[in-house]
Amino acid sequence: MVDSKVPLLTPYKMGRFNLSHRYQYTPGIWTKEQVEAWKPIVDAVHAKGGIFFCQIWHVGCVSNSAERAIVLNSILVTLGTQCFWCYDCNRLQQQYIMLVIHHEITHCHRRVPERETEKASEKMVDSKVPLLTPYKMGKFNLSHRVVLAPLTRQRSYNNVPQPHAIIYYSQRTTQGGFLITEATGVSDTAQGYPDTPGIWTKEQVEAWKPIVDAVHAKGGIFFCQIWHVGRVSNSGFQPNGQVPVSSTDQPLTPQIHANGIDEDQFTPPRRLRTDEISEVVKDFKIAARNAIEAGFDGVEIHGAHGYLIDQFMKDQVNDRTDKYGGSLENRCRFALEVVEAVVNEVGTDRVGFRLSPFANYMESGDSNPKALGLYMVESLNKYGILYCHMIEPRMKKLGEKCETPDSLQPMKDAFKGTFMAAGGYNREEGNKALVNKHADLVAYGRWFLANPDLPRRFELNAPLNKYNRDTFYISDPIVGYVDYPFLESST
């Protein structure tokens, strides 16, 4: 075997593994697990109108019993003419790519020499663009300050993360880059939108693992955003058709969908009893534990945008008369109980919190947002969490940017950890925010969605792809998800 002159049968050293030939990682179809794993791949081809045949084989004597490298995930995908996997490569005119993830090693159709990777890293670090300067966030060494914001994508069929998310997140990963997942449900009552992922079942945890592995393989830092939508739901999303729960029983009026056409309908919620709230806190705690089991570096608690935690904090919604309502301290009690539970479960250095005190998403406004924001950051300081992620006051409603005299600066000055700002930022505004110490990190949503190589484009001040709102929330595993182009390698 070793002396063979057939190229495929020549030996090859892959890290510490000595391969006797190069037939490793071929798929099978003899087990139930393999059949299930093929299904989303076939579905992706059919979704684009393709006809897909499976070639079945037996290698016979063209094999041996040499030591095999353990592979966590291996997927062959055909996605037109763009390589959707390798950020370092970005070569066009390439139809096939192999995703082979082994712990921290990623192999793609072009192997990047170590010295080339080091040069690219040095170039990023030495850049004079503020957004591309390194930053130490707790124990995490970030190579730049452009964060992938959490973005609802609605492509996790039956609330289970899918293999196409491997491509989506890995496309947007850079060495030392920080990514936050789409909002991920903490329980079966936490859902309010079609096909959003969860992390409350074993199946969901296992489905997240190869996605996390893909990000880690490219050197990224990956946090899972955990949420409960509260009253932003209807009985169709709830177990056994029950009504959604909230801090209140006030109904939410129908909302125009993000596509500007459809209307989201909400079932009037049921006010959580005082004795039930601890169970929801426990759901967040277990979700955080599951996230760490799935391999995530930490979790971000979603306390913004009119979802359950925000429904407790905002006085426009919270009309309770128990210890969770009335005063500012009482209204923030639930949020801080969640923080305490999650911190106790996974550690302070693995927890972030997202806030939108000035926003009025989903009819969740507050009469004194500045006081709310300051109270929360000062309270979060007591728990020593890793970061606070706050939405700019100019983003009062979804997708709308308005002029306002309000500022996050008092909250930034008061918070002792890493402060991340988000909301309508472009390259120039992001750089300015860092220079003026308005933020330590800047999260980008729509622009990162449409430009998977956004840090690179910011480095070169290159033109940006325009995003298409019509494909933000469709279920297609490719369109509007992994088909946004990279810069050509000649750029």
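1. Helices (H or I, at least four residues) and strands (E, at least two) are DSSP runs, numbered from the N terminus. In total the protein has 13 helices and 20 strands.

2. This is a predicted model, in which local features need pLDDT of at least 70, side-chain atom pairs count only at pLDDT 80 or more, and totals for chains, interfaces and linings use all residues. Residues are numbered from 1 along each chain as its sequence is written, and side-chain values use heavy atoms, with hydrogens and water left out.

3. On confidence: pLDDT is the predictor's confidence in each residue, from 0 to 100. The protein has a mean pLDDT of 84, and 78% of its residues reach 70 or more. Over residues 61-126, however, pLDDT stays under 50. The model has 139 contacts beyond four places in sequence for this stretch, a contact being heavy atoms within 4.5 Å. Where pLDDT is low, the predicted coordinates should not be read in detail.

4. On the protein as a whole: 52% of the 491 residues count as buried. Buried means under 20% relative accessible area, exposed means over 50%, and partly exposed is in between (1.4 Å probe, protein chains only). Of the contacts with a separation of 6 or more, 69% are between residues 24 or more positions apart. The accessible surface comes to about 22200 Å², and carbon and sulfur atoms hold 52% of it; the areas come from the Shrake-Rupley method with a 1.4 Å probe, and for residues only the protein chains shown count as cover.

5. Is helix 3 buried or exposed? Helix 3 is largely enclosed by the rest of the structure, because 8 of its 8 residues are buried. Among them are His164, Ile166, Tyr168 and Gln171.

6. Back to Asn159. Its side chain reaches the backbone oxygen of Thr196 at 2.7 Å. This is a polar contact (a pair of N or O atoms within 3.5 Å; within protein, one must be able to donate a hydrogen and the other to accept it, and residues adjacent in sequence count only if both atoms are side-chain atoms). Leaving aside residues up to four places away in sequence, Asn159 touches Gln191, Asp195, Thr196, Pro197, Gly198, Trp200 and Gln204.

7. Asp195, one of the residues touched by Asn159, lies in the loop between strand 10 (184-185) and helix 4 (202-217). Asp195 is not a glycine, yet it has a positive phi of about 55°. Its relative accessibility is 23%, so Asp195 counts as partly exposed.

8. Asn461 also has a positive phi, near 55°, and is a residue other than glycine. Asn461 is in the segment after helix 13 (454-460). It counts as exposed because its relative accessibility is 52%.

9. Which backbone atoms does the side chain of Asn381 reach? Asn381 is in helix 9 (residues 369-383), and it counts as buried because its relative accessibility is 18%. Its side chain reaches the backbone oxygen of Ala414 at 2.9 Å. A polar atom of the Asn381 side chain also lies 2.9 Å from the backbone nitrogen of Lys416. Beyond four places in sequence, Asn381 touches Ala414, Phe415, Lys416 and Gly417.
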